[in-house]
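Hi,

Here is the structure I promised to pass on.

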Amino acid sequence: MKKGISFQVHLFLAFSIVSLAFATFYYQKNLSLQNHILETNFIKNNKLIFNTVKLGLEIGLKSDNFKAVSDVFRYAKDQKDLSWIIITDGDKEVFASYPTDLELEKAWKEASQRDFNPDHSQQYTVAGQYSTPLTNGRLLISFKTSSYKEVKNELKRQSLILSASVLAISLLISFLISKLLMASLSSLQRTIENIAEGNFYEKIGIRGRTKEITSLSTSFNFMMEQINLERERSEKLLLSILPERIAQRLKNNETTIAVSNKSASILFADLVGYTSFSKDRSPEEVVHLLNEIFSQFDERTTHL
């Protein structure tokens with residue numbers, strides 16, 4: 001039985017390793033896909049804001065409509081992730097910025113970053129040229145990445161919970177499968193042990209088993225039925241030759257069989273006319289008659 005428990009543990013560990021590998025792969029794949037979508041949407045949305053501001057700025061400057069320019073600034077300031085905005089003229093002089101106390105040197109330094117890594121960068125800056133018939137310049141808008149990181153951390157937490165749930169369900173299924181397989185194998189083991197003890201008519205139950213175990217159990221039961229049929233034929237043959245006591249001792253693996261009797265009777269008999277009698281009859285009839293005669297002889301000798 002200890003071997004059976006050890007086998008069940010190994011089977012469960014094998015299923016657990018597969019489940020852990022699947023859960024880890026699922027977590028990494030799912031998180032990578034979500035991060036890609038989140039980063040793409042973050043960049044796309046902020047570029048859309050930039051293009052909207054740029055278009056409004058060009059329209060306002062083209063028509064000397066400073067109210068339109070003011071509205072563009074107000075639209076930009078209303079954006080949740082806005083950090084700062086700078087507008088330069090053709091001489092690269094700053095003629096508008098938000099907030100007004102912005103440290104321009106620091107802002108320019110942040111805007112010069114070419115590679116954007118939302119995991120390490122505090123801001124994401126979009127820069128581009130605007131152009132009107134009268135003037136042109138450069139527009140820079142920087143967005144904070146704090147909300148992006150918050151959403152990313154929440155996605156990471158949800159993916160971790162989901163992966164842990166998948167792992168827990170997989171481990172539970174693995175445990176149930178290993179327990180089911182072990183129960184079937186334990187039943188087979190108990191049946192074989194009972195047969196080894198002499199219960200030759202023991203059978204394995206096949207209800208509620210897996211397809212493979214059911215097939216194995218059915219084959220095993222059929223094999224035992226055939227073995228029992230052959231065993232019964234052998235016993236009948238043995239009893240037709242030897243007394244039951246001697247046959248039983250032979251089945252008990254006794255190699256030297258000897259019986260001591262203080263007194264014994266010997267019967268001598270001659271069948272008168274046996275040759276002429278058997279000549280005109282079939283072998284089956286002769287054997288049947290002889291069997292009846294000698295059976296009566298055996299019965300008579302028990303009373304001597």
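Glu230 is partly exposed, at 46% relative accessible area, and Arg233 is partly exposed too, at 48%. Their side chains meet in a salt bridge, 2.6 Å from N to O. Both residues sit in helix 5 (residues 211-241), three residues apart, which is about one turn of the helix. Bear in mind that this is a predicted model.

Searching the whole structure turns up four salt bridges. Some of them share partners, and Lys67, Asp71 and Arg74 end up in one network that way. Within it, Arg74 pairs with Asp71, with the closest N and O atoms 2.6 Å apart. Those two are both in helix 2, again about one turn of the helix from each other. Arg74 is partly exposed at 43%, and Asp71 is partly exposed at 30%.

Over in helix 4, Glu154 and Arg157 are three residues apart, and they form a salt bridge with the closest N and O atoms at 2.7 Å. Glu154 has 30% relative accessibility and Arg157 has 44%, so each counts as partly exposed.

Now for the inside. The largest nonpolar core has 23 residues, and those with the most contacts in it are Val53, Ile85, Ile87, Leu139 and Ile141. Elements giving it two or more residues include helix 1 (2-62), strand 1 (82-88) and strand 4 (136-144). Helix 1 provides the largest share, seven residues.

Cheers

How values were computed
Residues are numbered from 1 along each chain as its sequence is written. This is a predicted model: local features need pLDDT of at least 70, side-chain atom pairs count only at pLDDT 80 or more; totals for chains, interfaces and linings use all residues. Side-chain values use heavy atoms; hydrogens and water are left out. A nonpolar core is a set of buried Ala, Val, Leu, Ile, Met, Phe, Trp, Tyr and Cys residues joined through side-chain atoms within 4.5 Å. Buried means under 20% relative accessible area, exposed over 50%, partly exposed in between (1.4 Å probe, protein chains only). Helices (H or I, at least four residues) and strands (E, at least two) are DSSP runs, numbered from the N terminus.
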